[in-house]
Structure formats: C-alpha cells, structure tokens
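Colleague: I have not looked at this one before. Can you walk me through how some of the helices pack and what sits in the cores?

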Amino acid sequence: MASLVINGGRRLSGSIVAQGSKNSALPILAATYLVNGKSVIHNCPRLSDVESTLKILENLGCRIERRGNDLVVDSTSAFGYEIPENLMREMRSSVIFLGAILGKTKKAVISTPGGCEIGLRPIDLHLFAMRKLGVEINEEHGRLECSIPKKLKGAKITLTFPSVGATENAILAASVAEGTTTIINAAREPEISDLCDFLNKCGAKISGAGESIIIIEGVKKLEATEHAVICDRIVASTYLFAGAVTGGDISVKNTVPAHLGAVLPVLEEAGCEISIRCSEIRLKAPTKLHRIDKLITQPYPGFPTDAQAPIMTLATIAEGTSVIVENIFESRFKHVPELLRMGAKIRTEGRVAVIDGVERLYGASVVSPDLRGGSALVLAGLCANGVTEVSEIKHIDRGYENFETNLCMINADIVRTEKDYGNRKEK
Ligand code: EPU
C-alpha cells in the first residue's frame with residue numbers, strides 16, 4: 001500500500017500552478033453524457049475520482065480519449081441507463097449521473113451510494129428534485145429504479161438545504177425538461193456556475209448560476225462543445241496553507257482569487273501576508289502563526305468544509321487557542337486522532353474542535369482517514385520535527401494531482417513509497 005514519507009521542517013518557497021477543479025470536472029463529465037456528440041473538456045486533473053467517472057461513462061457506452069489533461073468524451077452512440085453497484089461504490093458522487101441519465105434515456109437504475117468516511121450523506125434532496133420534475137422512483141434494497149411515466153416537466157424546486165449535488169442533478173435534468181424550472185435555495189458554489197457555463201455553451205438556457213435562485217428553460221437538445229474546467233479552489237487553498245505552516249513564501253498561479261474569498265481573510269487573521277496579482281496569489285508566512293478566532297464551515301460563499309481539515313493543521317501550531325465548527329458534514333474530524341499522534345492538542349465535542357496551539361508537531365506514522373484529512377496530515381508532516389509517514393494515500397489521490405511532486409518543487413522532502421494513480425494510459 002502506498003504512503004508518503006515526509007521529512008519535515010523545511011521552509012517552502014516558490015510557485016505552484018493550481019490544477020483543474022475535481023468538483024467541477026465530475027459533474028461536467030456527467031453532463032457530457034447528456035449532450036449529443038463529442039465534448040472536449042480541458043484542464044481535467046489526473047485523479048482517481050476522475051478515473052472512476054470515466055469508467056461510468058464507458059459503462060454507459062461513451063468513448064473516451066485522454067490527451068494530457070484534456071478529455072474527449074463521445075456520447076454519440078451511448079444509451080446506457082444503469083450504473084453497476086461496484087462503480088457506484090467507488091465514488092459517492094456518482095449520484096450526479098442520475099440527472100444526466102434521466103435527461104438522456106428517460107430511465108435510470110442506480111444503487112444508493114450510502115454513507116462514507118465523512119458522514120451519512122443521504123440523497124433525499126436529489127430524489128426530491130427528480131420527483132418534482134416528474135420522475136417516478138422505486139427504492140428497494142438500496143436499488144433505485146427511476147422512470148418518467150409522462151415527460152420530464154419543469155417545476156419549482158425548493159431545496160431545504162443548498163446541496164451541491166442535488167442542485168447539479170436538478171440542473172442536468174431540467175436542462176432538457178419541458179418548460180421552466182426554478183431552483184430555490186440552490187447551491188452557489190463556483191462549480192455550479194462552471195457546470196452551467198458548460199451546459200449553456202451546449203445550448204441550455206440557464207440563468208442565475210452562482211445565486212440562490214436558478215432558472216432553467218428546458219431545451220429539446222444539447223450539442224457537445226469544448227470547455228475548460230475552472231481552477232480547484234480547495235487545492236489552491238491547501239498549497240497556501242502549506243506555505244503558511246512552513247514559514248514559507250509561496251505563490252499559487254492560475255487561480256480565481258475571488259473563489260477563495262472566505263479563505264484568504266482567515267490566512268490574514270493568522271498573520272500571513274497575502275497579495276494578489278491577476279490569477280496569482282502570493283503568501284508570506286509570519287514567524288509565528290496567530291490563532292484563528294472562530295471558523296465555521298458553511299455553504300459557499302462561506303468557509304468551505306473541504307478546507308476545514310487542512311486549516312486545522314495550521315491552528316495546531318498557531319499561538320493561542322483556535323475554534324473550528326464543522327457545519328456541513330457530521331463526521332469530518334477523523335484527522336483529529338492522527339494529528340494528536342503528532343503532538344497536537346485538540347478537543348472535539350460534536351461538531352466543534354478546540355485547538356490549543358503547540359510549539360511544534362512531531363513526526364509519526366499516521367493514516368489518511370479521507371481526502372481532505374489526508375492532505376491535513378501531509379501539511380502536518382511538512383511542519384513537524386522528524387519524519388512522518390502518511391499511509392492510505394489512495395484518499396489523497398482522489399483529489400490532489402501530483403501532490404508530493406508539486407510540494408517537492410517548492411522545497412518539500414516527500415517520497416512516495418509506491419506509485420499507482422490508477423490513471424488510464426494516453427492514447
Ligand atoms: N445532504 C442531505 N441530503 C441530500 C444531499 C446532501 O442531507 O440529498 C447533506 C449532506 O449529507 C451534507 C450536506 O447536505 O451533510 C452537504 O452535501 P452536498 O450535497 O452539498 O455535498 P455533495 O454534493 O455530496 C460536494 C462536494 C464535496 C463537498 C460538498 C460541500 C463534489 C463531487 N463533492 O458534495 O467535496 O464537501 O459538496 O461543499 O462536488 C471533497 O472534495 O472532499 C468533497 C467531499
């Protein structure tokens with residue numbers, strides 16, 4: 001099993017180019033199934049989650065070609081409507097295929113994705129949105145059989161929580177429904193806007209993306225197009241945190257700084273100097289990090305839950321006591337026991353973590369509990385005294401492209417003990 005061995009205590013300095021966004025790439029790839037023809041998606045990161053998505057597309061009948069970070073998906077003769085359980089289990093977010101499949105084939109069979117490392121993750125809001133659009137769903141023993149007795153019909157969909165995935169599913173199906181759909185309390189994440197930009201280029205009529213109310217006028221047909229995925233704001237944040245915890249001076253290039261609107265003020269609060277020039281964000285760390293007063297994760301534009309674990313590493317070595325509240329997922333503190341092994345002082349009570357900053361962390365053998373928890377441990381290894389071994393890094397490979405290679409380019413000392421990204425060969 002692969003692990004990352006980190007020789008800590010080195011100051012990071014230099015620049016990194018941020019990768020394309022995983023959470024944009026996945027729904028956009030699902031959308032390529034809905035549109036007719038050959039889509040070309042640029043800036044698709046090489047990640048195991050992207051690979052799992054491609055397996056689903058192939059299973060549905062699409063032809064895939066990878067050219068570097070560009071993917072060509074040809075859905076011309078693809079008419080599958082069932083996702084096998086093993087592929088659903090590989091990646092929980094495969095549920096975003098539901099809207100795309102229903103929009104294309106008018107029926108779908110999937111299994112419920114179930115809980116995962118970070119929480120229960122029910123899909124009630126996804127199913128609510130589909131039912132509103134005229135989908136009939138039979139749920140039995142974890143298998144969902146979906147059909148459309150009449151037509152996909154535009155509707156008013158009021159979400160009780162601005163779920164990212166449910167908003168995406170509703171947008172996908174509503175794009176080709178008859179009439180107008182209004183999504184109220186829609187998720188406002190930049191990845192939603194990226195999906196809508198792609199669909200609008202394909203001929204969809206979606207307005208309001210990035211706001212709480214999205215209006216979709218259904219069209220009869222969507223035609224494939226070319227699209228470049230936006231930069232990954234969570235990966236960009238993680239690299240900035242890496243600079244902060246190592247007393248570094250680093251620049252992350254190719255970002256959309258506005259997408260880090262909730263993250264950058266927290267770094268400044270911690271004493272980092274941030275400067276922005278076009279798409280480049282530069283961070284200069286202070287000699288000693290300051291505590292984070294009270295950080296609460298929230299739907300966008302609030303502080304992202306996906307950056308909660310890596311910023312906790314920063315709090316572990318900051319001066320004073322920091323408080324972090326995880327508001328989105330119920331089990332997203334699994335990195336805490338691992339950070340404790342490295343000398344951190346953290347108490348958790350339900351969704352609240354209280355972190356008393358220590359002078360330094362110490363190298364240890366730790367296990368990556370999930371994707372973002374894994375990146376938090378790598379950051380801990382970077383600033384710790386001695387050697388840290390992070391195992392179960394398959395979680396990290398789900399979301400960070402060339403993580404250790406990029407960090408080594410700016411002076412980190414990390415060795416991967418076994419290399420297998422599970423990526424397809426280029427044709
Ligand atoms: N929820 C429900 N019912 C639903 C859907 C969601 O109760 O039908 C709950 C979830 O259990 C969770 C909360 O609502 O407690 C937020 O879930 P949401 O649907 O917004 O998240 P998601 O679509 O499952 C995406 C990202 C996550 C990211 C969240 C929140 C993708 C592929 N995944 O998940 O990314 O944390 O939005 O921003 O876009 C990650 O990249 O590490 C990651 C987990």
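**Helix packing and cores**

Modeller: This is a predicted model. To begin, H6 passes H7 in a right-handed crossing.

Colleague: Which residues of H6 and H7 make the contact?

Modeller: From H6, Val164, Thr167, Glu168, Ile171, Leu172 and Ser175 take part, and from H7, Ile192, Leu195, Cys196 and Leu199. By class, that contact has seven nonpolar, two polar and one charged residues.

Colleague: At what angle do H6 and H7 pack?

Modeller: About 10°, with the axes 10 Å apart; H6 covers residues 164-175 and H7 residues 190-201. H6 and H7 are therefore roughly parallel to each other, as angles under 35 degrees count as such.

Colleague: Ile171 came up there. What does isoleucine 171 touch?

Modeller: Leaving out residues up to four places away in sequence, Ile171 touches Ile183, Ile192, Leu195, Cys196, Leu199, Ile206, Ile214 and Ile216. In the largest nonpolar core, which has 74 residues, Ile171 is among those touching the most other members, along with Leu29, Leu57, Met130, Leu199 and Leu222.

Colleague: Which helix gives the most to this core?

Modeller: Helix H1, residues 22-34, with eight residues. There is also a second, separate core of 70 residues, and Ala18, Ile234, Val235 and Leu379 are among its members.

Colleague: Switching topic, how do H8 and H12 cross?

Modeller: Their axes cross at roughly 20° and come within 9 Å. That makes H8 roughly parallel to H12. The contact is made by Ile234, Thr238, Phe241, Ala242 and Val245 of H8 with Arg372, Ser375, Leu379, Leu382 and Cys383 of H12.

Methods:
Residues numbered from 1 in each chain as written. Predicted model: local features only at pLDDT ≥ 70, side-chain atom pairs only at ≥ 80, totals over all residues. Heavy atoms only, no water. Axes fitted to C-alpha atoms, helices over the stretch in contact; angles between N-to-C directions. Helix = DSSP H or I, 4+ residues; strand = E, 2+ residues; numbered from the N terminus. Parallel < 35°, antiparallel > 145°, perpendicular 65-115°, else oblique. Left-handed = near helix turned anticlockwise from the far one by under 90°. Contact = heavy atoms within 4.5 Å. Nonpolar A, V, L, I, M, F, W, Y, C, P; charged D, E, K, R; others polar. Core = buried A, V, L, I, M, F, W, Y, C linked by side-chain atoms within 4.5 Å. Buried < 20%, exposed > 50% of the residue type's maximum accessible area, 1.4 Å probe, protein only.
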